[in-house]
Amino acid sequence: MTEDIYEPLPRYRDEFRAKFADLTRDKFQQLLERSQVDWAANRRLNGEIQRVRDELDSCKSKDSNFGCLLSVLIVVAVLSASAILYGIAEENPDHIRIALIAGGALGIIVPLILIFQVILPKRKLLAEKISVLKASLQDLTRRAWEQMEPLNKLFDWNITAELIKATVPRLEFDPYFSENRLLDLYHSFGWNDKFNHGKSVINSHSGVINDNPFVFGELKTMQWQEETYSGSKHIHWTTRERGSDGKMRTVHHSQLLVATYTAPKPFYYREKVLLYGNDAAPELHFSREPSDLSADDDGFFASLKKHSELRKLKKLSRNLEDDLPYTLMSNHDFELLFHATDRNDDVAFRLLFTPLAQQQMVRLLNDRQVGCGDDFYFRKMGRINMLVSRHLNQTNLNTDPQQFRFCNVDEAREFFQRFNEEFFHSVYFALAPLLTIPLYQQTRTTQSLYNKQTHFKSCFWEHEAIANFYGDKHFKHPDCATENILKTSCTHQSDGTSCIQVTAHGYRKKDRVAGVKVWGQDGNLHIVEVPWIEYLPVEHTSEFHVLENDSACDMKVQEKNNNLIFRRSVYAFFRN
């Protein structure tokens with residue numbers, strides 16, 4: 001089959017899905033063989049762990065049951081003692097007194113016998129057994145982790161990207177997002193950093209499709225929203241009223257006054273986005289958003305809705321009085337579903353969306369069995385394309401190898417297979433709208449024709465991702481009471497490392513009280529105090545250092561620094 005992917009949905013269904021699954025299984029088997037972990041021995045050991053865990057759970061359950069029985073017997077004994085005291089203290093007939101004392105004595109003696117002769121000895125034996133089982137479980141688990149350590153340390157950040165590269169032709173991921181790749185987006189495609197203002201990168205993956213660059217980014221942003229606070233106040237007053245007997249009397253009244261006060265509060269959100277640079281149709285701008293007309297719904301009401309929307313599009317196409325160059329295409333399904341009516345150049349749009357592209361886009365939008373259906377926003381801004389997919393927002397883009405670490409080979413294999421297949425499915429169908437456009441794959445940037453991407457220094461996207469990987473606690477202001485937006489700047493050092501300045505932007509809390517005027521039923525205006533929180537900005541700047549893995553001095557950094565992390569192909573550390 002051709003290397004270009006003009007039919008992304010059928011290619012995934014008929015080729016890529018099975019190929020990727022097979023490559024993933026083979027990769028795990030290769031790592032397992034390389035690690036020389038004895039799978040059969042690990043299964044036996046984990047079988048013993050499960051047996052001990054089940055026995056421990058059984059013992060804990062029995063101990064809990066004995067504990068409940070102990071509580072019941074103590075209650076019976078206390079009630080029996082109360083019956084004896086009642087029989088002695090009260091003036092009761094002799095036969096009732098004797099019955100109460102005898103029954104109470106029996107109600108004390110029997111529970112005490114059961115408690116001291118049965119329950120407490122049983123619980124003591126169970127406590128000893130639970131202690132032994134816990135120690136045994138801890139030892140077996142430690143042995144299982146030691147047994148799996150040769151395999152666990154073989155997992156790395158780039159395994160998933162390598163599997164995708166081996167599956168999909170002309171799709172490659174970078175070891176890390178480099179300055180060169182970012183500069184290419186700046187100079188060749190007109191990208192700028194306005195998009196990143198007020199946002200912090202959590203994860204990023206960059207690469208190329210047929211030498212055209214793309215970036216997957218997970219970003220955290222802060223937005224102010226209104227938080228409603230409430231306060232209350234009791235008021236009391238009296239009135240003079242005439243009673244049924246004709247006399248005047250004083251009546252006491254009370255009312256609970258409730259007041260609310262709204263104030264801004266910072267809320268933090270994460271969003272995943274795909275950026276793609278391509279020289280095709282360089283002046284074209286358009287946008288589209290998910291439509292509720294997709295999914296091949298041919299019901300009566302769906303058909304009515306489609307016909308109604310089509311009439312609107314025909315009317316828009318015939319309107320010569322506005323500035324829109326929109327002209328309805330013959331493929332009405334494409335126009336209804338893709339619905340990019342704000343395109344600024346109809347000729348360039350038709351050049352991009354050929355009949356083949358329209359057909360494949362419609363198939364993609366209508367499919368919810370293999371792909372993800374119509375769940376994406378698509379915005380083209382000249383040479384830059386930005387896509388936001390709902391399914392991508394639900395995908396874990398963090399390929400941290402620590403999540404592949406298990407003490408059970410079977411669990412490790414299952415998770416490794418599931419994670420990678422889900423990652424590939426999500427990333428592929430985030431890219432799929434771009435793959436439906438043949439011209440995008442046929443167009444290569446001028447720079448790529450003469451220069452091959454070389455990875456040098458990592459860019460600020462990677463630095464922010466590393467800072468967030470470390471966590472807010474390393475960088476936030478001491479008074480900060482919220483999450484932080486971490487922003488970075490970089491200074492290259494003479495020893496080959498880069499000094500990364502991290503500024504954490506957060507907010508501290510200050511307690512306030514608002515006096516809200518509320519009318520009471522007494523006819524007066526009252527001041528109700530409403531406690532609320534004001535969020536005041538704080539920031540703190542600190543630093544760490546990074547060194548790309550292709551540097552010759554990376555081993556020296558490892559030897560001298562204990563506080564060292566390795567993310568993707570970049571070392572990060574704090575200077576001692």
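Modeller: Before we look at the model, one definition: a charge sits over a ring if NZ of Lys or CZ of Arg is within 6 Å of the ring centre and within 35 degrees of the ring normal. This is a predicted model, in which local features need pLDDT of at least 70 and side-chain atom pairs count only at pLDDT 80 or more, while totals for chains, interfaces and linings use all residues. Residues are numbered from 1 along each chain as its sequence is written, and side-chain values use heavy atoms, with hydrogens and water left out.

Biologist: Over which ring does the charged end of Arg-343 sit?

Modeller: The charged end of Arg-343 sits over the ring of Phe-349, 4.1 Å from its centre, and in another case Lys-199 has its charged end over the ring of Phe-195, 3.9 Å from the centre.

Biologist: How is a pair of aromatic rings described?

Modeller: A pair is described by the distance of the centres and the angle of the planes. Rings of Phe, Tyr and Trp (its six-membered ring) pair if their centres lie within 6.5 Å, and planes under 30 degrees apart count as stacked, over 60 as edge-to-face and the rest as tilted. By this rule the count comes to 42 aromatic pairs. One of them is the tilted pair of Phe-338 and Phe-349, with 6.4 Å from centre to centre and 40° between the planes.

Biologist: Which parts does this pair tie together?

Modeller: Helices are DSSP runs (H or I, at least four residues), numbered from the N terminus. Phe-338 lies in helix α7 and Phe-349 in helix α8 (residues 346-352), so the pair ties together parts that are 11 residues apart in sequence.

Biologist: Are Phe-338 and Phe-349 buried or exposed?

Modeller: Buried means under 20% relative accessible area, exposed over 50% and partly exposed in between, with a 1.4 Å probe and protein chains only. Phe-338 counts as buried because its relative accessibility is 0%, and Phe-349 is likewise buried, with a relative accessible area of 0%.

Biologist: Which residues does Glu-335 touch?

Modeller: Contact means heavy atoms within 4.5 Å. Glu-335, found in helix α7 (residues 332-338), touches Leu-313, Tyr-326, Thr-327, Leu-328, Met-329 and Arg-343, not counting residues up to four places away in sequence. At 1% relative accessibility, Glu-335 counts as buried.

Biologist: With which side chain does the side chain of Glu-335 make a polar contact?

Modeller: A polar contact is a pair of N or O atoms within 3.5 Å; within protein, one must be able to donate a hydrogen and the other to accept it, and residues adjacent in sequence count only if both atoms are side-chain atoms. The side chain of Glu-335 makes such a contact with the side chain of Tyr-326 (3.4 Å).

Methods
Helices (H or I, at least four residues) and strands (E, at least two) are DSSP runs, numbered from the N terminus.
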